[in-house]
Amino acid sequence: MASRSLFKLLLPLPLVFVLSVMATAQGLKVGFYEKTCPQAEAIIYEEMTEVMSVAPSLAGPLLRMHFHDCFVKGCDASLLLNRTGSVPAEKDSPPNLSLRGYSTIDRVKARLEQACPGIVSCADVVALVARDVVRLAKGPYYNIPTGRRDGNRSDIRDTLGNLPPSIFNFQQLVTMFSSKGLSVKDLVVLSGGHTIGTSHCSAFSNRLYNFTGKGDTDPSIDSEYVPKLKSKCKPNDVNTLVEMDPGSFKTFDSSYYKLIAKRRSLFTSDGSLRSNPAAFALVMRLANNQAEFFKEFGVSMVNMGNIEVLTGTQGEIRKTCTLVN
Ligand code: HEM
């Protein structure tokens with residue numbers, strides 16, 4: 001699978017496009033609600049415009065929410081379900097504890113239920129909200145195939161081994177992404193989501209204070225950047241948030257790739273994109289070509305949004321996103 005992903009990276013763009021389009025043909029289609037709820041996407045955009053005008057910092061967590069939903073049992077909104085029995089739900093898993101914005105999803109879904117009861121799935125709401133926060137953060141607009149249906153299981157154990165930790169190296173990332181049908185190119189492009197939002201110091205402080213267990217610093221970070229990060233993040237700080245793309249963390253742009261080029265990215269995973277020649281070549285291209293990043297981001301988000309989706313008569317359309325019907 002990993003070698004197939006590398007192969008795809010080497011293909012000419014038009015062919016990659018054809019393969020990507022083929023990859024979306026699983027019962028999803030652009031404009032799925034055209035007849036059943038024609039105003040659905042407009043309602044979501046209207047709500048998100050209002051939310052972003054008062055709480056722009058929700059863009060990061062809402063984009064990340066779609067990623068964390070899709071990587072655990074597919075894009076089926078299982079992440080949104082509350083725990084019901086004795087087993088904790090996906091949202092109770094450590095990597096998901098820093099997610100925010102669930103009430104925004106509930107708000108959007110409530111408006112959709114008013115307009116077209118029982119039609120628009122929570123899984124599509126998550127995907128469309130992620131699309132709209134990117135657009136509202138001055139990023140690209142892209143069409144998303146819709147028609148996902150909602151799952152009815154959310155179990156913390158499903159998150160194990162499916163959400164990449166920040167300490168992953170390149171090969172570990174490639175293996176995980178390819179297990180979801182995503183290529184090296186998707187990995188590089190989707191990591192660009194880190195152009196918006198914030199991170200807790202605890203997600204990368206090992207690189208500052210204890211990289212190999214000997215109180216050392218990760219030598220791959222720009223040595224002039226280390227004191228700046230250390231001044232923001234003291235040892236064992238679990239509360240402070242830092243901008244992932246300092247100076248433009250509310251704006252969706254290609255500066256994330258410029259940071260990688262300068263060895264100034266926060267996570268081992270981000271920095272690891274330098275360690276593979278093909279991935280690093282793409283990083284450098286995207287750093288210098290925002291239009292290409294925008295175009296590819298839409299393509300890769302569609303690929304991610306297609307992971308193990310439920311369609312047709314599978315699953316259900318939840319009335320409330322936190323509960324099965
Ligand atoms: C490649 C593997 C990835 C790793 C290891 C990773 C890891 C992380 C970590 C550790 C955080 C900080 C969480 C916190 O401390 O609050 C974070 C934040 C974030 N991630 Fe990723 N991530 C990855 C891929 C992605 C993808 C594919 C997307 C979306 C396309 C994404 C979007 C985001 C966003 C927007 C934030 C900021 C969240 C906020 O502002 O609260 N990440 N990521």
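In which handedness of crossing does α4 pass α6? The crossing is left-handed, and the close-up views below place it beside the aromatic contacts of this predicted model. Local features need pLDDT of at least 70 and side-chain atom pairs count only at pLDDT 80 or more, while totals for chains, interfaces and linings use all residues. Residues are numbered from 1 along each chain as its sequence is written, and side-chain values use heavy atoms, with hydrogens and water left out.

**View 1. Crossing of helices α4 and α6.** The axes of helix α4 (residues 59–71) and α6 come within 8 Å and cross at roughly 140°. The relation of α4 to α6 is therefore oblique (angles under 35 degrees count as roughly parallel, over 145 as roughly antiparallel, 65 to 115 as roughly perpendicular and the rest as oblique). From α4, the contact (heavy atoms within 4.5 Å) involves A59, L62, L63, M65 and H66. The α6 side supplies V126, A127, V129, A130, V133 and V134.

**View 2. Aromatic pair of Y142 and F297.** The structure holds 11 aromatic pairs (Phe, Tyr or Trp rings, the six-membered one for Trp, with centres within 6.5 Å; planes under 30 degrees apart count as stacked, over 60 as edge-to-face and the rest as tilted). One of them joins Y142 and F297 edge-to-face, at 6.4 Å centre to centre and 75° between the planes. Y142 belongs to the loop between α6 (122–136) and β2 (145–146), and F297 to helix α14 (residues 290–304), 155 residues apart. Y142 is buried at 8% relative accessibility (buried means under 20% relative accessible area, exposed over 50%, partly exposed in between, with a 1.4 Å probe and protein chains only). F297 is likewise buried, at 1%.

**View 3. Aromatic pair of F252 and F294.** The ring centres of F252 and F294 lie 6.0 Å apart with the planes at 55°, so this pair is tilted. Because F252 lies in the loop between β4 (241–243) and α11 (255–261) and F294 in helix α14, the pair ties together parts 42 residues apart in sequence. F252 is buried, with a relative accessible area of 1%; F294, at 18%, also counts as buried. One aromatic cluster is formed by Y142, F252, Y256, Y257, F293, F294 and F297.

**View 4. Charged groups over tyrosine rings.** The charged end of K91 sits over the ring of Y102, 4.6 Å from its centre (NZ of Lys or CZ of Arg within 6 Å of the ring centre and within 35 degrees of the ring normal). R135 lies over the face of Y45, 4.2 Å from the ring centre.

Conventions: Helix = DSSP H or I, 4+ residues; strand = E, 2+ residues; numbered from the N terminus. Axes fitted to C-alpha atoms, helices over the stretch in contact; angles between N-to-C directions. Left-handed = near helix turned anticlockwise from the far one by under 90°.
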